[in-house]
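Biologist: I want to learn to read this model feature by feature. Where do we begin?

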Amino acid sequence: MPTMLEVRELAHRYGTGPGAHVAVEDLTFTVHQDELACIVGPSGCGKSTLLRCIAGLIRPTEGEISLHGDVVRGVPDDLAVVFQDYSRSLFPWLSVRGNVEFALRTRVRGRTERRRRAQEALSWVGLEASASKYPWQLSGGMQQRVSIARALACQPALLLMDEPFASVDAQTRADLEDLLLRVRREHGSTVLLVTHDIDESVYLGDRVLVLSKSPASIVADLPVDLPAQRDQITTRSSPEFVKLRTEIARLLHDRAPAVGEPEPSSAAEKFLAAERAEKEQQSTRSGQ
Ligand SMILES: Nc1ncnc2c1ncn2[C@@H]1O[C@H](COP(=O)(O)OP(=O)(O)OP(=O)(O)O)[C@@H](O)[C@H]1O
């Protein structure tokens, strides 16, 4: 498959002089066309900084980013982003269809064609019947489906997703993950998705890039050797899945155990258990 995204020796520093903060350093990786690559890393390690550089929102201090061979020097036309906070990314005064059409206003000529593309993308995410509603009339999961439809309607060369499912309850999250896998299978798209959630990175990804603590650098680039057709129960309990998520937890939890401390494997399990507990808490909070 051809290379869609190339990140070469990327570094970004906020500020200058002694107070400068190095957010990412020496990041090099590629994402191929039609691939879904997940980035997982500790909180504050520089994931959003990396995405902002790829989206052309900030200019990296060092290194270069290319999208289908063109060096990124501003916000690329054929790139779409789905953020975690769907409530702030949709216009409340526009209908669901209006929100999707709005994203097409500079990309697609002709109102009829914009409407057709919006309606098509809404059908991909199962929202064609809600096209005339307003975002505030929809559940959180449905609003995020609108954000996904809006991004897909643009037929982006690259879809960036920044913690896209972190603000919904656990069941909705699983539904949205499956929706993303299905839409990708049926319509093809190149996706770079950032998540805190190790299980989610393995469940969704063709590859998982594991980042170090701040400043972020790549500690592992792991292929996910699972079938394209995935299932929340069977896939997540398969030995390959468990092995990979344990390996990632170990990489993120990278330190030698002190005398009397648990072995790395049980430390990794503890880390995963803590992560699951945090997710459950978050899910309870977002369900309230
Ligand atoms: N505009 C900014 N000015 C100065 N420092 C910044 C700025 N944005 C981010 N940082 C710092 O850069 C580091 C990386 O931040 P970034 O938001 O990229 O991390 P992250 O991995 O996305 O975090 P999280 O997982 O919590 O969302 C952090 O220490 C943060 O405080």
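Modeller: Begin with pairing. Two strands count as paired if DSSP finds at least two bridges between them. Strands β7 (residues 158–162) and β8 (residues 191–195) run parallel and are joined by four bridges. Keep in mind that this is a predicted model.

Biologist: Which residue is the bridge partner of M161 in β8?

Modeller: L193 is the partner of M161.

Biologist: How much confidence does the prediction carry?

Modeller: The average pLDDT of the chain is 89, and 88% of the residues score at least 70. Residues 255–262 fall below 50, and this stretch has six contacts in the model beyond near neighbours in sequence. Where pLDDT is low, the predicted coordinates should not be read in detail.

Biologist: What is the strand order in the open sheet of six strands?

Modeller: In general, strands of a sheet pair through backbone hydrogen bonds, either parallel or antiparallel. Here the order is β6-β7-β8-β3-β9-β10, and the pairing is mixed. β6 (79–82) and β10 are the edges; each has a single partner strand, so one side of each lacks a neighbour in the sheet. On average, neighbouring strands of this sheet are turned by 15° against each other, direction ignored.

Biologist: In what sense do β9 and β10 pair?

Modeller: Antiparallel: β9 (residues 207–211) and β10 (residues 218–223) share five bridges. L209 stands opposite D221 in β10. The two strands are joined by a hairpin through six residues.

Biologist: Where does P215 lie?

Modeller: In the loop between β9 and β10. Now the general idea on backbone geometry. Most residues other than glycine have a negative phi, and most peptide bonds are trans. The bond joining S214 and P215 is cis, with omega about -5°. For phi, look at D26. This residue is not a glycine, yet its phi is positive, about 50°. D26 lies in strand β2 (residues 21–32).

Biologist: Which sheet does β2 belong to?

Modeller: An open sheet of four strands, ordered β2-β1-β4-β5, with antiparallel pairing. Its edge strands are β2 and β5 (70–71), each pairing on one side only. β1 (residues 3–14) runs antiparallel to β2, and eight bridges join them. V7 has F29 in β2 as its bridge partner.

Biologist: Which strands does helix α1 lie across?

Modeller: Helix α1 (residues 47–54) lies across β3 (36–40), β7, β8 and β9. Its direction is at about 155° to β7. Then take helix α9 (residues 239–252), which lies across β3, β9 and β10. α9 runs at about 15° to β9.

Biologist: And helix against helix: at what angle do α3 and α4 cross?

Modeller: Roughly 120°, with the axes of α3 (residues 96–104) and α4 (residues 111–124) coming within 9 Å. The pair is therefore oblique. The crossing of α3 past α4 is right-handed.

Biologist: Which residues of α3 meet α4?

Modeller: V96, R97, V100, E101 and L104. On the α4 side they meet R114, R115, R117, A118, A121 and L122.

Biologist: What feature does UniProt place at residues 5–238?

Modeller: The unreviewed entry gives "domain: ABC transporter" there. Such annotations may be inferred rather than shown by experiment. In the model, residues 5–238 are 33% helix and 26% strand, and the end C-alpha atoms of the span lie 31 Å apart.

Conventions
Residues numbered from 1 in each chain as written. Predicted model: local features only at pLDDT ≥ 70, side-chain atom pairs only at ≥ 80, totals over all residues. pLDDT = per-residue confidence, 0-100. Contact = placed C-beta atoms within 7 Å. Axes fitted to C-alpha atoms, helices over the stretch in contact; angles between N-to-C directions. Parallel < 35°, antiparallel > 145°, perpendicular 65-115°, else oblique. Left-handed = near helix turned anticlockwise from the far one by under 90°.
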